[in-house]
Each structure stands twice: as C-alpha cells, then as structure tokens.
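Let's take a friendly walk through a protein model together. Please keep the sequence and the 3D view open as you read.

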Amino acid sequence: MTSKQFSLLVLLDFSKAFDSIDHNLLLTKLDKNFGFGSCAVQLVKSYLSDRSQYVEFDNVRSETVSLSCGVPQGSILGPLLFSLFINDLPKVLTNVSYHMYADDFQIYSSSAVQDQLVLIDLMNQNIASIVAWSKENGLQLNAKKTQTLKVCKKSVLCQLDNLPNIIVDTTITEYSDVVKNLGLLMDQHLDFQAHVNNVCKTIYGGLHSLNRLRTSTPVLVRERLFNALLRPHFMYCDIIYSATTSVILQRLQQAFNSCLRYVLDLKKYDHISQHSSRLLGCGLETYFKLRAATFLFKIINFPIPSYLLPYRSAAISNRTSNLSLPSYPPGSNYNSSFRVRACNIWNGIQPHNIKRLTSISAFKQQCLRSLLE
C-alpha cells in the first residue's frame, strides 16, 4: 500500500472439510510425510475406526450409520489430524503467500496496478492447482463461499474497476468490500472501520438487553456481566484494529462510555471522566496500548510461531532494551501496523528495567503504571 501497489486476498472454503477426510489417505500421510511409526499409525487407525452416527429428534432416533471418513469434531485431535492431512497443500502453490488455520486457507499476492492481469492469472493458476489437489485428496472447495478482497489505497482502487474475476473450479467469484477472516472484518483499505462498527453494534445490542434488568442488579453483578459478555468484544483482535484512525476509534470510545453508564447506573448526560478507569484499570486508549505492549512482551520472551519471528526486532542497546524499527516513509500505512505501533509503545516504557522483567503479571502491572504516568 505504501508503494501504491495492490494486493489480492482469496479466502477459500472447504465444504464439510472435517467430515471428508479419507482415513486410509490420512494414515498414509502420517506414515510417509511425518514418519509415524507403525504402532502410532495403528493407534490413530483405532481412534478413527468403528465410529457411527445417528440423528435424534423429538425422542425419535434414526438408523445408525457407520462412518468411513472424517475426523471427530469437537475433539482435541480433530483439528490436529486435519492440519496434518492438508499440510502438503502449500506444495502446489507458486509465487503466492498463504495462511492456514485448521480448515481456513487463504492465499494472497501483490503487484503494481499495471500488472494486474498478470496477478489475476497467477492467482487463478494457483487456485486451479488447489482445486486439483482437493479432488485428489477427497476434499471439495465451496466456490460460493470463497471470498476475494482487493487491498489498496483509496487512490488506487478506482484503477481496478475492470479487474477480471477469480475463478474457482469454473465458478466466478465476485469481489467483496468486506470479508470476515477468523472473526476479524477486513475491508479494502485496512482501516477496520467495518470491524469497529460491528463491535459497536454488538456492544449496543448487548446493552439493550442488559439495561432491562439494570435496576434489579447490583453494581458488582453488572460489572461481572460487562466482563463476561461485553469486554471480550473490545479485546478480540484489538492489537490489530486499534491502530485505526482516531475518528473510527471514537465510536468505540462512545460504546465503552455506554458500558460505563450501564455498570455505574449513570444518566445519559452525567460526566464519566472520573470513572474512566473503573472497568479496565485505565482508559480505553491506554488499555489498547497495554495489550499491544503485553503481546510484544510475549513475542520477545516466550516461544512463538515462526511467522512472528520478524516482530522480535533486535534491541538497539542492552541498557535501554529498546527495539529497532525498519525504515519507512513518514505518513505511510506501515506506520499504523502492529510492528511499528507496538515497538514505539515498547520503546517509550520507562524505566527501562520494566522491559527486562520475566514475569508477565509483573510486566503488565509496571507497564500500566508507566503508561499512566
């Protein structure tokens, strides 16, 4: 985006993915691809074999049907076995990036606007390879649920009006303005306005129900209801979406103020500034900074997936424990990324010995004190 390129993100959907895993093929992959011993393979075979299912409705039960494929959903091993099964899928990809999480699979790539046809051709070639792999492995892509998102600056979007469509197994997919990626709403410009709007809508909907019983519930109960039912919506993916513009975040602040009025039983025009730290221990903006700093603390001090390793920037000096930042043009989109934003928050923590703590609870406590000061 900073270099005025555009990206294409394709979120693929497998139909009944967990139910379609071929047991024999899975066992073969465990043996050939991962080196499972014969005893381990037999154990997994025993785990998957002799399963059956039936449907019960209104105390009437259908006939029992034996299951010859699929991994048990709702189990610990189910997602793990599925991940092992599709682990060789990325081998069919060429010159595109990808992300995998259980049965969620997405590919993406970028190019200059003048090379848009080349990019579309590249994406369609890779999707054709994914379709072929899926058929060979007994899975089926759901073309109707596949979503495609153009990501670029607003000034670039108008140059992509006639962009050819992405094709999934002969089915043309339409471009979306907003897609849901593991619960996070992503829009074309990555300003997360759609996600913030959805969070606010959910918060106000929850408050509408809770306010009916406000007069009959004590303050402590209302605070527990906020923590259980409303607070998680502020927290989910906040280290990503909280880097949006101050105008969009103001809507979130207004929703949070409504939560304060509910918990403390304040009227619409009562001042709430003196109560701003009651629910989170600090204001909403400071809370987002604390969450970003804490996440970076985990990246630095604990084992992490390999894709997060670039965020573990080298320290400039042992004395300050500050993190180095890659150079980027002033005012660029990269300035609002987690890497830049979190590192700036981290480097501003005083005193510096807070960054060298090893206990996450001690870090959160002292980091909050530093942010408040």
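## About the model

This is a predicted model, in which local features need pLDDT of at least 70, side-chain atom pairs count only at pLDDT 80 or more, and totals for chains, interfaces and linings use all residues. Residues are numbered from 1 along each chain as its sequence is written, and side-chain values use heavy atoms, with hydrogens and water left out.

Find Val71 in the loop between strand E5 (65–67) and helix H3 (77–85). Helices (H or I, at least four residues) and strands (E, at least two) are DSSP runs, numbered from the N terminus.

Is Val71 buried or exposed? Val71 has a relative accessible area of 4%, so this residue counts as buried. Here, buried means under 20% relative accessible area, exposed means over 50%, and partly exposed is in between (1.4 Å probe, protein chains only). Leaving aside residues up to four places away in sequence, Val71 is in contact with Phe18, Ile21, Leu26, Leu48, Gly78 and Leu81; contact means heavy atoms within 4.5 Å. Ser3, by comparison, is 68 residues from Val71 along the chain, and the C-alpha atoms of these two residues are separated by 44 Å.

Side chains of opposite charge can pair when their charged atoms come close. How many salt bridges does the structure hold? There are six, where a salt bridge is a side-chain nitrogen of Lys or Arg within 4 Å of a carboxyl oxygen of Asp or Glu.

One of them joins Asp88 and Lys29, with the closest N and O atoms 3.2 Å apart. Asp88 sits in the loop between H3 and strand E6 (97–101) and Lys29 in helix H1 (residues 23–32), so the pair ties together parts that are 59 residues apart in sequence. Both Asp88 and Lys29 are buried.

## Two arginine pairs

Next, look at Arg278 and Glu223, whose side chains form a salt bridge (3.0 Å, N to O). Because Arg278 is in the loop between helix H9 (246–264) and helix H10 (284–301) while Glu223 is in helix H7 (residues 219–235), this pair ties together parts 55 residues apart in sequence. Arg278 is partly exposed at 36% relative accessibility, whereas Glu223 is buried at 16%.

Arg291 and Asp238 also meet in a salt bridge (2.9 Å, N to O). This pair links distant parts of the chain, 53 residues apart: Arg291 in helix H10 and Asp238 in helix H8 (residues 238–241). Arg291 is partly exposed, with 28% relative accessibility, while Asp238 is buried, with a relative accessible area of 2%.
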